[in-house]
Amino acid sequence: MVGEVSLPSQPMLHGPGAQRGPSLPESASGIDLFAGSGSFDSTNDASILLLGIRGTGKTSIGILAASHTGFRLIDADQLFYRTTGYLRASYAAKHGLDEYRAKELFLMREILETNPTRCIIVCGPGSAEGTGRDLIKEFRKEHPVIHVLRDATNIQAYLRTDNVKKISGLADMIGPWYRSVSSHEFYNVSDPADFGQEALRGWIPQQHPALYLKHLQIDVHRLIDAVRNQRARPHDLQVQHSLSDLPLEAKPYTYALDVDFRHITDIASKLRRTDLIADAVELRIKLSDLVDEQTGQFSESSATLLTRQHYVLRRCAPVPIIFHLEIGQAQSEAQLSEYGEILAHALRLAPEYMTVDLNAGPKIFEEVLNRRQSTKIIGHFFDCKPVKDAWSRQERISMLDRARSLGCDLVRICQHAEDAGDNFDVEKFRLWAKHINSKGPALIAYNTGYHGRSSLFVNRIFTPVGLETLDRASSADQDQRLTVQSAQKALHASFILNKLTFGIFGDAVSNAMSPLMHNSAFEFCGMPHVYQTFQAPSLQQLKHLLYDKTFGGASISAPFKEDVMTVVDYLSPEARAIGAVNTLIPLRSKALESIVDRNRAGPVEALYGDNTDWIGIHTCIRSHLSPINAIKSRSTALILGAGGMARAAIYALQRLQVQTIFVWNRTARNAEKMISMFDGSRSSTQGQGAPCPEDAPPLKTLARSSDSKTVQPGRIFSLPSMNEPWPSGFEPPTIVVSCISRASNPPPQIVLPESWLRSQTGGVIIELAYNPVDTPLLRQARGLATKGWIAVDGLQVLPEQGIAQFELFTGRRAPSKLMRDLVARHSREQDDCS
């Protein structure tokens, strides 16, 4: 728990332990960055230590990390106050600097020795002193130690001081020591003024004061997961669907957006305002970008710049990062040394992928592989001056052998194309490699340059692409570069992929917004698919469409969500638990593995049923629930209604690990019946005599890690009446989801009792109905905005399940901003016409 004493701001710029600066090595390069990236067992519950100068946001980061992991937070400043009864500055003034340092060192030793597991420890300023550094170095052997940095101007604003120069000087003086004793780095990036408004419409849609730390929360969660070697949570607030956990190298036709290190600021600005549909971003850095021309060394300031730019890119690109450092063909011993130091520093930032030059030598590979936590290594080879028939020579096959022997997870081999014939050669090489290297690392192989473009779009893993909205100043060879859109168009034009028909099935879908969302998304992504409405009074009348050779998938609307379960061959665990299917996917083979191979026509051999209704609810809860209301063991949620969407809401809350759920419904008996469905293992929901579809088994390539799919049942209770007070002994809800239809005439006018909304920190109230958009419940929520309540209407929920459907249908990242904006714009146009 956080210390109970609320401390006022310390009047000093930094702790007294930092007044007499620690002695530094003669040069910054004297610090061994490899030593600061030591390996440790990150699969256990090892405590995590945060350190950095005052004002970097360590305490806020510690609170977010503790909430995410369930670890206990220990703040060294608060512990010092509770133990001595003094603030640090007051203690030093009363007892002298030497006694203060001795006391601080004693408390630091006690904290580290008595809290080895399940704690987030926010370190005090004494960590920069000699003996304190030794304690932390020892602690680092078995625990993650994270160095937190921040822009001096933001520290100045937090500390309310005008002396930015003094802050920068302090950071320059102490920063190298923090770097030398830590294993990881985190840069507390501050957003530009417009970030989160036009830039992130629909991602963190409302700029409610309670959501101020939401972007920081996402960044912290991502780093903590990587540091602990846990399965990464979603890179944005979109929750995982059935294909989300596939590693990118297992998916067909993935793309990596090339980002030049020198242009990150410009590119980041554009990425905030457009949809990123590439699967990853590749941060491309030249050795000369980071190595000082005069000294030939990777300096402390370059290391800090690299950390900062990496986290700026993280903030605006919610996809995995591939770290690529170009060393060139001529590699001197000095260059290789700096190359190794920069790779070591990059590992401290926990990128998802890192390239290592296959000519760098076994020592660098050994160092990298020993020190990585969750980063996958891509063995890289680029031939800028290839000999004739280079793809056919034994040297190329030897590169595959070298990558395998060095322990690479993937291998990338590319060369500059001299003529179009090189593209036929690289295709032969891919087929040859697949035959002789079937169990080796996944292969990326393509040609570069004007003549090599046709080899790029048929490459299946991390094809390098540009962003269509980038101007030529950011990419000089933009006219020669593929984009995701042009690559997809090429694949379909060459009949490698096929045009398919999708649609929404229901008995009243003529006015559905799904065709608008999906057709616009297909066009944005360069796909020729079409999405139509298929309306009929019974599913039987639409069944023939499911087996058409060009059928790509269907959104299932009421009243067919349960009926369709009788025709599917496989059910996702989510659809089974909820008892409804809203997404139908055709398989071109009876094996479930074929679900990965999308966008191909042919006979339909089997049908896969999934559910994304819960994803829309889950995503809106996560994106609107303020960090102070992060879900804890005592968190409580309230669901209104007992229909199909209420079941999806219960499942969403269980996936969020909410342990206590209350349900109110006008007919209490229906609420009790629904609750019984979630009491233990859910029974089959098929009709009488219907064949039971097979649960989708955990495939080798589709398997999820234990925490991604585990649903803790928790406790679900029925509330018989709104006239009764909130049950005693339970926290008031911080999450309310109304699943009550407003189709009746007149629609129900639901308003909650004030006693049910007495959460001291507010919460989120979600209304799933959107016709009309405004409801009495939403008006009640908006009236409580000053108390921390955030209102979410049904039109903010609607596109989220469609985004997940698009990704299941196509296997591609959805243009989420576009889909959200289309729904919002369509709603405004409807309001203007009414």
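This note goes through the predicted model point by point, from the overall make-up to single residues.

1. Basis. The model is predicted, and local features need pLDDT of at least 70, side-chain atom pairs count only at pLDDT 80 or more, and totals for chains, interfaces and linings use all residues. Numbering starts from 1 along each chain as its sequence is written, and side-chain values use heavy atoms, with hydrogens and water left out.

2. Overall make-up. The protein chain contains 26 helices and 26 strands (DSSP runs numbered from the N terminus; helices are H or I with at least four residues, strands E with at least two). Of its 834 residues, 58% are buried (under 20% relative accessible area; exposed is over 50% and partly exposed in between, with a 1.4 Å probe and protein chains only). Among contacts with a separation of 6 or more, 78% are between residues 24 or more positions apart (contact means heavy atoms within 4.5 Å).

3. Nonpolar cores. The largest nonpolar core has 122 residues, and Phe-323 and Phe-462 have the most contacts inside it (such a core is a set of buried Ala, Val, Leu, Ile, Met, Phe, Trp, Tyr and Cys residues joined through side-chain atoms within 4.5 Å). Leaving aside residues up to four places away in sequence, the residues touched by Phe-323 include Leu-283, Ile-285, Leu-306, Pro-351 and Tyr-353. Another core, of 37 residues, lies apart from the largest one and has Cys-620, Leu-625, Ile-766 and Val-797 among its members.

4. Helix pair H12 and H13. The axes of H12 (residues 333-347) and H13 (residues 362-371) come within 10 Å and cross at roughly 10° (axes are lines fitted to C-alpha atoms, for helices over the stretch in contact, and angles run from 0 to 180 degrees between N-to-C directions). H12 and H13 are therefore roughly parallel to each other (angles under 35 degrees; over 145 is roughly antiparallel, 65 to 115 roughly perpendicular, the rest oblique). Leu-336, Tyr-339, Gly-340, Leu-343 and Leu-347 of H12 meet Ile-364, Val-368 and Arg-371 of H13. By class, the residues of this contact are 6 nonpolar, 1 polar and 1 charged (Ala, Val, Leu, Ile, Met, Phe, Trp, Tyr, Cys and Pro are nonpolar, Asp, Glu, Lys and Arg charged, and the others, Gly among them, polar).

5. Five-stranded sheet. An open sheet of 5 strands runs in the order S2-S3-S1-S4-S5 with parallel pairing (two strands pair if DSSP finds at least two bridges between them). S2 (72-75) and S5 (184-187) are at the edges with a single partner strand each, so one side of each has no neighbour in the sheet. From one strand to the next the twist averages 20°. S1 (residues 48-51) pairs with S3 (residues 119-122) over 3 bridges, and Ile-48 has Ile-120 as its bridge partner in S3. Helix H7 (residues 164-181) packs on the sheet and touches S1, S4 (145-149) and S5, its direction making about 155° with that of S4.

6. S4 and S5 run parallel and are joined by 4 bridges; His-147 has Glu-185 as its bridge partner in S5. Both faces of S5 are covered, with His-184 and Phe-186 buried on one side and Glu-185 and Tyr-187 buried on the other.

7. Six-stranded sheet. An open sheet of 6 strands has parallel pairing and the order S23-S21-S20-S24-S25-S26. Its edge strands, S23 (715-719) and S26 (789-792), pair on one side only, and the twist averages 15° from one strand to the next. S21 (residues 660-664) is joined to S23 by 5 bridges, and Trp-664 has Leu-719 as its bridge partner in S23. Helix H25 (residues 794-810) packs on this sheet, touching S25 (763-767) and S26, at about 65° to the direction of S26.

8. Helix H24. Pro-776, Leu-777, Leu-778, Gln-780 and Ala-781 are buried in H24 (residues 776-783). The buried residues of H24 pack against S20 (636-640), S24 (735-738), S25 and S26.

9. Backbone points to check. Most residues other than glycine have a negative phi, and most peptide bonds are trans. Ala-558 and Pro-559 are joined by a cis peptide bond, with omega about 5°; Pro-559 is in the loop between S16 (551-556) and S17 (570-571). Tyr-253 has a positive phi near 60° and lies in the loop between H8 (214-227) and S6 (255-260). Tyr-253 is buried at 8% relative accessible area. Phe-462 also has a positive phi, of about 50°; it is in the loop between H16 (453-456) and S13 (463-465) and is buried at 1% relative accessible area.
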